[in-house]
Amino acid sequence: MTPMIDIRNLSVTFTGRGKAVRAVDDVSLSVAPGEVVALLGESGSGKSVTLRSLLRLHPKNRSRMEGTIRVDGEDVLALSPRALADYRGRKVSMIFQDPGLAMDPVYTVGRQIVETIRRHESVSTAEAEARALALFKKVSIPAPERRLAAYPSSMSGGMRQRAMIALALACNPKVLLADEPTTALDATVQIQILLLLRDLQRELGLSVIFVTHDIGVAVEVADRVAVMYAGRIVEEGKVADVVRTPRHPYTRGLLAARVEHAVPGSRLETIPGAPPDLAELPAGCAFRERCVVAEPRCAAERPAFVQRSPTRGDACLLTG
Amino acid sequence: MVSLSPALPAVPTVVARSPGYWSGVFTRLSRDKLAMAALAILVLIVLMAILAPYLAPADPAKATMLRRLKPIGTPGYPLGGDELGRDMLSRLIYGSRLSLIMGVTPVPVAFVIGTILGVTAGYAGGFLNTVIMRTADVFFAFPSVLLAVALSGALGAGLLNAMVALTIVFIPPVTRIAEAVTTQVRSLDYVEAARTSGAGAAKIIRIHVLPNVLGPVFVYATSLISVSMILAAGLSFLGLGVRPPEAEWGLMLNTLRTAIYTQPMVAALPGIMIFITSISFNTLSDGLRSAMDVKA
Amino acid sequence: MTGPLSPASTRNAESVWPPEVWRAPKKTVLDPRDRGGPAQPLLSVTGLVKHFKVGGSPFGEGTVVRAVDGVDFDLIKGETLGIVGESGCGKSTTARLLMQLMPPDAGRLVFDGEELGGALSLTEYRRQVQMVFQDSYASLNPRLTIEDSIAFGPQVHGLPARQAIARAHDLLDRVGLEPARFAGRFPHELSGGQRQRINIARALAMNPRLVILDEAVSALDKSVEAQVLNLLMDLKQEFNLTYIFISHDLNVVRFMVDRVLVMYLGKVAELGGRDAVFNQPAHPYTAALLASMPSMDPDHRVERPPLTGDPPNPINPPPGCRFHPRCAVAEAVCSVKEPEMAATGTDRAGARHAAACLMRAAGSGHSRAPAVAVPA
């Protein structure tokens with residue numbers, strides 16, 4: 001099956017004030033139609049930058065993108081500005097951690113959905129309004145007629161996140177990109193949004209890339225997970241496989257450090273140190289200095305990502 | 001009291017020290033070519049003011065009716081003569097003294113008073129805040145030029161009174177900025193943390209609030225110097241500042257205004273000096289602002 | 001002095017301490033500051049209330065946010081008490097009230113037998129109670145070096161500068177940061193985890209008996225969070241501390257605490273020993289909160305959301321039980337009668353388990369209420 005999303009050797013370098021920082025380094029990832037892939041990583045791992053590359057959201061004059069991104073056969077990096085505007089929202093749309101920032105505070109939520117539909121499709125306002133109402137029902141917003149006329153600021157966090165999902169789905173995209181959409185929410189609301197996304201994804205057959213720092217969230221929503229560290233994918237596989245038998249020492253450390261299954265009051269296993277500064281990455285494996293099993297060769301050679309089986313791969317010299 | 005353990009190891013001798021915030025600001029500022037050029041010009045102007053007796057080729061007060069309104073380039077009068085035949089070059093050099101004193105002094109004075117008022121209002125909040133800020137708002141209601149003219153008119157003409165008037169004009173904006181920054185800093189967790197250590201208001205303000213408030217207020221104050229220079233010249237121009245026959249750029253602009261059709265270049269010279277000084281202060285202030293605009 | 005700060009330690013936070021050596025705090029350590037013995041609560045909170053007015057002018061009526069609306073609990077010496085709940089439940093306001101960063105509208109705080117404002121002065125109280133905030137960056141003065149930040153508190157209390165700096169270096173060492181490398185640095189040069197270690201050191205510099213950790217690890221990356229949790233457990237032993245651990249992350253709370261207090265809309269919903277609350281939650285809200293945690297098992301994902309809707313706004317709390325509009329087992333009586341804390345038993349460690357739910361109160365009128373009250 002041809003993948004819906006095919007990222008090949010993507011690198012993103014930011015060249016702002018001071019040093020150039022390579023935030024994403026040689027990342028390849030493909031997502032099948034109807035598949036959910038979680039991009040898991042800590043702050044600065046490059047997970048959000050990778051996601052934003054799919055919509056080319058990086059500032060043009062301060063960033064450089066290399067590699068290829070194909071979405072539904074289209075070469076995203078080659079799109080003209082006009083084609084890009086059409087592609088954003090219609091083929092691929094995105095939901096963010098803070099819906100308050102992603103929606104315009106001076107228009108009602110309903111108006112924003114109607115505008116979005118009419119920007120991409122030539123339909124009448126009445127038809128677009130009917131679709132907006134259907135979308136609100138679909139994302140289970142109670143009293144949808146009333147809520148369509150509400151401003152984003154007057155909605156609660158969970159309701160705003162539902163409204164943003166409705167907005168993202170307005171033009172029937174094939175791909176949904178989610179950037180930590182539940183991180184700012186309370187636990188009881190987070191699980192509602194996760195389940196809603198899961199149901200919508202199944203019903204609409206969406207391909208989803210879900211960026212999160214929380215393994216628990218990844219397990220709830222994803223089919224596959226790609227773990228990122230210092231701008232690269234270090235391990236990738238089916239969620240159950242990665243969670244049960246992690247291969248890369250970073251994934252192993254991350255899972256071992258979790259408090260969920262630790263005996264209360266016992267000592268947690270930890271990964272020593274802190275994530276490296278992307279501007280001053282060490283030679284060799286970026287995880288080497290925090291790795292408990294590192295060998296001298298890890299300093300000499302930077303491990304490439306190796307597909308060990310059809311469904312499993314990692315970037316570690318010691319797991320082969 | 002809880003005993004704080006007595007036998008502690010001596011302070012380790014070698015502690016890696018990071019350069020402080022201000023040294024970082026000055027390093028960045030020194031890389032800003034435009035700001036450095038402005039600074040160089042200002043240094044020259046200040047030197048000119050200090051060394052005026054040595055630099056001026058002639059007595060700035062000596063009038064010679066024969067040499068009235070000589071054009072620029074007249075032998076012996078490199079920048080021409082004014083309406084009373086005084087040497088323009090010497091008068092411009094001497095003029096920098098009063099112009100700088102009158103234009104610059106009100107700003108640091110207003111900076112000190114305004115910061116004290118603003119930090120007090122911002123930290124205390126409540127009633128004191130209302131009193132200070134509403135009073136400042138009353139002054140804010142008038143355009144600064146109008147206020148300066150009205151105040152020095154009320155105080156009477158003269159150098160000191162003009163400076164007092166300008167100081168009063170600049171206190172409310174400085175107060176407002178200081179209050180805004182203080183209110184913001186006060187709500188930060190590190191100030192709360194300092195409160196939990198039992199420190200008093202004076203100590204918290206001195207160590208935790210002021211160092212974080214002074215920077216932005218200082219930048220704002222430096223940007224006021226250019227405005228102050230122009231207002232000071234304006235007051236003198238209107239006869240509310242320095243009186244003839246003193247040399248001061250604003251006053252010179254006034255007395256030469258009749259010569260605008262006969263010797264426009266000569267008449268424009270004081271204005272050019274005011275312009276250069278003012279824009280240099282402004283450029284330096286901009287440079288300082290961007291040098292301080294880092295997360296630190 | 002045999003106090004917790006002796007100069008010998010060079011242990012670093014990353015060093016391994018075999019888990020079998022470590023035991024849950026059953027302390028017999030004699031603290032010279034202890035007054036009433038282990039049975040006397042370290043902190044006794046009664047009737048704590050804080051309402052905020054919003055939107056009102058000095059003349060007009062605004063709306064009232066009932067952020068904390070009558071909270072009582074006792075803090076046992078040497079324990080870690082977790083406070084959990086959703087946004088708007090009042091847990092952070094409670095922390096700030098306990099820290100006296102804002103004046104409560106009502107309520108008594110009794111610290112080791114002495115009432116705050118009575119026998120105990122605020123200055124003396126603040127020396128014994130310290131707090132670590134969530135935002136590691138905002139809680140450090142950007143213009144002060146690390147050593148100056150840590151040394152500030154002791155200096156306020158009269159320790160000479162040189163000794164205060166030496167103490168700061170000692171504490172840096174205790175929290176796993178090499179003094180020679182970090183003492184002279186500024187906060188923006190450090191990572192989030194390092195900054196939070198410094199905030200912990202700063203709190204400990206006052207030699208407190210109680211440390212309030214308000215979402216202290218929530219902003220940290222997971223790999224760093226585990227390090228800081230280990231550090232907190234070590235320091236608790238070493239410095240003979242009692243913790244109030246506030247977090248929205250139930251997994252972390254379960255790991256860290258001895259007892260849990262669940263808050264809902266400014267009130268205590270449930271209070272009990274960790275195992276009792278996590279294994280047999282007595283309040284339907286606690287049960288829903290626990291069921292909302294991601295399962296971590298790809299074969300047994302959560303299938304239905306345990307609660308619908310968002311946490312309500314504390315501006316207009318519903319009458320009766322505040323949880324009844326979201327409660328699956330609510331009955332008519334729940335919207336009328338406000339539940340009191342009712343005992344549901346004691347756990348093995350002897351901790352009382354109680355919940356503010358009509359199902360637990362004998363004779364409340366709820367069909368599932370017990371016939372006879374459980375003895376407290």
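Visitor: How do you know that the span of helix H4 (residues 88-104) of chain B agrees with its 17 residues?
Guide: At 1.5 Å a residue, the 17 residues should span 24 Å. The end C-alpha atoms of H4(B) are 23 Å apart, which agrees. Keep in mind that this is a predicted model.

Visitor: Where does H4(B) bend?
Guide: At B:Gly95, by about 30 degrees. The bend is the angle between axes fitted to the seven residues ending there and the seven starting there.

Visitor: What makes H4(B) largely enclosed by the rest of the structure?
Guide: Buried means under 20% relative accessible area. Twelve of the 17 residues of H4(B) are buried, so the helix is largely enclosed. Among them are B:Met88, B:Arg91, B:Leu92, B:Ile93 and B:Gly95. B:Leu98, B:Leu100 and B:Met102 are also on the list of buried residues.

Visitor: Why is B:Leu51 called partly exposed?
Guide: Buried is under 20% and exposed is over 50%, with partly exposed in between. B:Leu51 has 36% relative accessibility, so it counts as partly exposed. B:Leu51 lies in the loop between helix H2 (33-50) and helix H3 (52-55) of chain B.

Visitor: How far is B:Leu51 from B:Tyr94, in sequence and in space?
Guide: They are 43 residues apart in sequence. In space, C-alpha to C-alpha, the figure is 9.1 Å.

Visitor: Now chain C. How do you know that the span of helix H6 (residues 192-204) of chain C agrees with its 13 residues?
Guide: At 1.5 Å a residue, the 13 residues should span 18 Å. The end C-alpha atoms of H6(C) are 18 Å apart, which agrees.

Visitor: What makes H6(C) largely enclosed?
Guide: Eleven of its 13 residues are buried, so the rest of the structure largely encloses H6(C). The buried residues include C:Gly193, C:Arg195, C:Ile198, C:Asn199 and C:Leu204.

Visitor: What covers the buried residues of H6(C)?
Guide: The cover includes helix H9 (189-196) of chain B. From chain C, it includes strand E6 (129-132), helix H3 (146-156), helix H4 (161-174), strand E7 (210-214) and helix H7 (222-239).

Visitor: How many helices and strands has chain C?
Guide: Ten helices and twelve strands. Of its 376 residues, 60% count as buried. The accessible surface of chain C comes to about 14,700 Å², of which 53% belongs to carbon and sulfur atoms.

Visitor: In what order do the eight strands of the open sheet in chain C stand?
Guide: The order is E6-E7-E8-E3-E9-E10-E12-E11, and the pairing is mixed.

Visitor: Why do E6 and strand E11 (342-346) of chain C stand at the edges?
Guide: Each has a single partner strand, so one side of each is left without a neighbour in the sheet. Neighbouring strands of this sheet are turned by 20 degrees against each other on average, direction ignored.

Visitor: How do you know that E6(C) and E7(C) pair?
Guide: Pairing needs at least two bridges. E6(C) and E7(C) have four, in the parallel sense. In E7(C), C:Val211 is the bridge partner of C:Gln130.

Visitor: Which strands does H7(C) lie across?
Guide: E3, E7 and E8 of chain C. H7(C) runs at about 155 degrees to E8(C).

Visitor: On to chain A. What makes strand E6 (92-95) and strand E11 (306-309) of chain A edge strands?
Guide: Eight strands of chain A form an open sheet in the order E6-E7-E8-E3-E9-E10-E12-E11. E6(A) and E11(A) each pair on one side only.

Visitor: How many bridges join strand E7 (residues 175-179) to strand E8 (residues 207-212) of chain A?
Guide: Five, and the two strands run parallel. A:Asp179 has A:Val211 as its bridge partner in E8(A).

Visitor: How do you know that strand E4 (residues 63-71) and strand E5 (residues 74-75) of chain A pair?
Guide: The cut-off is at least two bridges. Two bridges join E4(A) to E5(A), and the strands run antiparallel. A:Arg70 stands opposite A:Asp75. E4(A) and E5(A) form a hairpin with two residues between them. In the turn, A:Asp72 has a positive phi of about 50 degrees.

How values were computed:
Residues numbered from 1 in each chain as written. Chains lettered and ligands numbered in written order. Predicted model: local features only at pLDDT ≥ 70, side-chain atom pairs only at ≥ 80, totals over all residues. Heavy atoms only, no water. Expected span 1.5 Å × (residues − 1). Buried < 20%, exposed > 50% of the residue type's maximum accessible area, 1.4 Å probe, protein only. Contact = heavy atoms within 4.5 Å. Areas by Shrake-Rupley, 256 points an atom, 1.4 Å probe, with all protein chains shown as cover. Axes fitted to C-alpha atoms, helices over the stretch in contact; angles between N-to-C directions.
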